[in-house]
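Subject: Structure handover

Hello,

Please find the structure below, with notes on what was found in it. Please keep both together when you file them.

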Amino acid sequence: MACCRAASRFAVVSLSWIYRDQGRFADAASLAEHALKVTERDLGGEHPAAIASMVDLADIYAKQERYAEAEALATRAIVILDKVPELDHSDRLRALEMLIEICTALEKTDEASAYSDRVKSLIEKMQRTAAGPDAIPQA
């Protein structure tokens, strides 16, 4: 049964991405909202799949210029991710980039700059991790 639920969640999320890419943002938002609700119910609000769903929905809201809702979701995702630093950096990066976009649109330049600094630090950390412990430090 859990396998069917996971497949169903994936199908809904995938369709929301298709709608988003087609510019059908209202349809995409409806599906993404449903996917987030189901994911939180089935896996919990701090599960990596729930975090990814939050960021996906924030992206759709931002495309609809629903910036307050987008900012709240992306911020919520970052708060959860900051509790567990070892969680997937790609979701953290997506959420931070989303917050830069939102803050820029809302002319919150100081906040956008702070998020940009976090993105730079995260990318550097990802590069160090990918290089491994034997990598020669770059000057």
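Predicted model: local features only at pLDDT ≥ 70, side-chain atom pairs only at ≥ 80, totals over all residues.

Residues are numbered from 1 along each chain as its sequence is written, and side-chain values use heavy atoms, with hydrogens and water left out.

Overall fold

The protein has six helices and zero strands, taken as DSSP runs numbered from the N terminus (H or I, at least four residues, for helices; E, at least two, for strands). The C-alpha trace spans about 50 × 40 × 25 Å along its principal axes. Of the 139 residues, 37% count as buried, meaning under 20% relative accessible area (1.4 Å probe, protein chains only). Among contacts (heavy atoms within 4.5 Å) with a separation of 6 or more, 54% come from residues 24 or more positions apart.

Helix H2

H2 has 19 residues, which should span 27 Å at 1.5 Å a residue, and its end C-alpha atoms are 26 Å apart, so the two agree. The expected span is 1.5 Å times one less than the number of residues. Buried residues of H2 include Ala28, Leu31, Ala35 and Leu36. Gly44 follows H2 and has a positive phi, near 100°.

Nonpolar core

The largest nonpolar core has 38 residues, and Met54 and Leu73 have the most contacts inside it. Such a core is a set of buried Ala, Val, Leu, Ile, Met, Phe, Trp, Tyr and Cys residues joined through side-chain atoms within 4.5 Å. H3 gives the most to this core, with nine residues. Leaving aside neighbours within four places in sequence, Leu73 is in contact with Leu36, Met54, Leu57, Ala58 and Tyr61.

Asp59

Asp59 lies in helix H3 and is buried, with a relative accessible area of 9%. Its side chain makes a polar contact with the side chain of Lys63 (3.0 Å). A polar contact is a pair of N or O atoms within 3.5 Å; within protein, one must be able to donate a hydrogen and the other to accept it, and residues adjacent in sequence count only if both atoms are side-chain atoms. Not counting residues up to four places away in sequence, Asp59 touches Arg20 and Met98.

Regards

Definitions and conventions:
Buried < 20%, exposed > 50% of the residue type's maximum accessible area, 1.4 Å probe, protein only.
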